[in-house]
Amino acid sequence: MSTANESANPDAEPKSFEAALERLEAIVEELEEGEPSLEKAVLLYEEGVKLFRYSREQLNAAQKKVEELAGESEETLSLQPFEDGEDDE
């Protein structure tokens with residue numbers, strides 16, 4: 001079973017994107033069990049929102065970095081749409 005104590009300090013920034021996702025999963029599981037009091041549920045929800053925002057920022061930063069790298073190496077790399085590999089004969 002998950003507990004809110006799995007995260008030592010809910011206000012602290014996660015160590016990594018993966019740690020944030022893991023904690024989010026634990027929060028969802030605990031909320032879905034329906035056992036926490038209303039006050040605890042609100043605190044868990046608040047922590048989840050913070051983790052979601054952190055995760056979204058990490059994903060946006062990674063996307064920006066990939067776009068920058070693709071732009072820097074335009075001579076050797078090009079982004080192409082995915083093709084299904086079927087030949088039109």
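**Salt bridges and their surroundings**

Tutor: The count comes to 3 salt bridges, where a salt bridge is a side-chain nitrogen of Lys or Arg within 4 Å of a carboxyl oxygen of Asp or Glu. The model is predicted, so local features need pLDDT of at least 70 and side-chain atom pairs count only at pLDDT 80 or more, while totals for chains, interfaces and linings use all residues. Residues are numbered from 1 along each chain as its sequence is written, and side-chain values use heavy atoms, leaving out hydrogens and water.

One of the pairs is Glu-47 with Arg-23, whose closest N and O atoms are 2.9 Å apart. This pair links distant parts of the chain, 24 residues apart: Glu-47 is in helix H2 (residues 38-72) and Arg-23 is in helix H1. Helices here are DSSP runs (H or I, at least four residues), numbered from the N terminus. Both Glu-47 and Arg-23 are buried; buried means under 20% relative accessible area, exposed over 50%, and partly exposed in between (1.4 Å probe, protein chains only).

Lys-40 forms a salt bridge with Glu-30, with 3.2 Å between the closest N and O atoms. Here too the pair links distant parts of the chain, with Lys-40 in helix H2 and Glu-30 in helix H1, 10 residues apart. Lys-40 counts as partly exposed because its relative accessibility is 33%, whereas Glu-30 is buried at 5% relative accessible area.

Glu-46 forms a salt bridge with Lys-50, the closest N and O atoms being 3.8 Å apart. Because they are 4 residues apart in helix H2, about one helical turn separates Glu-46 and Lys-50. Glu-46 is partly exposed, with a relative accessible area of 40%, and Lys-50 is partly exposed at 37% relative accessibility.

Ile-27, found in helix H1, is buried with a relative accessible area of 2%. Leaving aside residues up to four places away in sequence, Ile-27 touches Leu-44, Glu-47, Gly-48 and Leu-51, contact meaning heavy atoms within 4.5 Å. The C-alpha atoms of Ile-27 and Leu-44 are separated by 6.3 Å, the two residues being 17 apart along the chain. Glu-47, one of the contacts of Ile-27, is also the salt-bridge partner of Arg-23.

Notes: Helix = DSSP H or I, 4+ residues; strand = E, 2+ residues; numbered from the N terminus.
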